[in-house]
Amino acid sequence: MKRVGLIAKPHAQGLRELLQQLLPWLAQWHIEVFLDHDTAVAIEHDVHYPRTALPELADLFIVMGGDGTLLSVTRLLDHNRKVPILGVNMGSLGFLTETTTQELFSHLEKILQGDYETQDRMRLRTCVNRQGDRLVQPLVLNDVVINKGALARILSLEIYVDDLYVTTYRADGLIVSTPTGSTAYSMAAGGPILHPT
């Protein structure tokens, strides 16, 4: 891996100090780093790239922040371009961003030496059909929530899987979750917890 895309939560505590160590460390490994605009601005770095361009430039993503930051990066990746993501927890909980800031350099050294395993995760492709128009949405890692809007109202939802009718729900919404997302809203709504594989 010679090219790293780096996206961070811009106001994460300790970000500037960590990146002041990380960027020279990566340069010593002859790694080219591509920062998105918000990350570059947060550390007053002059060179930056649009987030949407990073998947084509990077062999590895380092995502610094919390789970929300990592989820936003997964939406950039389509199914044709598999770029591994190293999630560094700079938030509070960090289900998905498992690497701590203290472990970052040792984990990165192993990755750069080829001593790592990737874990494939299922994602959902969604689209919204509205008045004859099909609005394609990005791939999602966690879940899709179907509801009527900010105010909870009862919906009648017919559920089909591969054009096969399953059931009809009368509820204020429906959550369709991947195994990764099963510990979030799905679990809170009474759904099962599923192993990521």
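## Ground rules

The model is predicted, so local features need pLDDT of at least 70, side-chain atom pairs count only at pLDDT 80 or more, and totals for chains, interfaces and linings use all residues. Residues are numbered from 1 along each chain as its sequence is written, and side-chain values use heavy atoms, with hydrogens and water left out.

Helices (H or I, at least four residues) and strands (E, at least two) are DSSP runs, numbered from the N terminus.

## The nonpolar cores

In soluble globular proteins, nonpolar side chains tend to be buried together. A nonpolar core is a set of buried Ala, Val, Leu, Ile, Met, Phe, Trp, Tyr and Cys residues joined through side-chain atoms within 4.5 Å. Buried means under 20% relative accessible area, exposed means over 50%, and partly exposed lies in between (1.4 Å probe, protein chains only).

Which residues have the most contacts inside the largest nonpolar core? They are Leu 6, Leu 22, Leu 26, Ile 62, Met 64, Leu 104 and Leu 108, and the core has 26 residues. Strand E1 (3-8), helix H1 (15-28), strand E3 (60-65), strand E4 (85-89) and helix H5 (104-112) each supply at least two of its residues. H1 gives the largest share, seven residues. A second, separate core has 12 residues, including Phe 61, Val 73, Val 83 and Leu 141.

Take Met 64 as an example. Contact means heavy atoms within 4.5 Å. Leaving out residues up to four places away in sequence, Met 64 touches Leu 6, Leu 22, Val 88 and Leu 104, among others.

## Helices H1 and H5

Two packed helices are described by the angle between their axes and the distance between the axes. Axes are lines fitted to C-alpha atoms, for helices over the stretch in contact, and angles run from 0 to 180 degrees between N-to-C directions. The axes of H1 and H5 come within 12 Å and cross at roughly 20 degrees. H1 and H5 are therefore roughly parallel to each other (angles under 35 degrees count as roughly parallel).

Leu 18, Gln 21, Leu 22, Trp 25 and Leu 26 in H1 meet Leu 104, Phe 105, Leu 108, Glu 109 and Leu 112 in H5.

## Helix H4

Helix H4 (residues 67-74) is mostly covered, with seven of its eight residues buried. Those buried are Asp 67, Thr 69, Leu 70, Leu 71, Ser 72, Val 73 and Thr 74. They pack against E1, E3 and E4.

Thr 126 is in the loop between H5 and E5. Is Thr 126 buried or exposed? Thr 126 is buried, because its relative accessible area is 18%. Setting aside neighbours within four places in sequence, Thr 126 contacts Val 136, Gln 137, Pro 138 and Val 144.

Val 128 is in strand E5 (residues 127-130). Val 128 is partly exposed, with a relative accessible area of 31%. Not counting residues up to four places away in sequence, Val 128 touches Asp 133, Arg 134, Leu 135 and Gln 137.

## Two positive phi angles

Most residues other than glycine have a negative phi. Glu 44 is not a glycine, yet has a positive phi of about 55 degrees. Glu 44 is in the loop between helix H2 (37-42) and helix H3 (54-57). Glu 44 is exposed, with a relative accessible area of 64%.

Asp 163 is not a glycine either, and has a positive phi of about 65 degrees. Asp 163 is in the loop between strand E8 (155-161) and strand E9 (164-171). Asp 163 counts as exposed, at 77% relative accessibility.

Definitions and conventions. Parallel < 35°, antiparallel > 145°, perpendicular 65-115°, else oblique.
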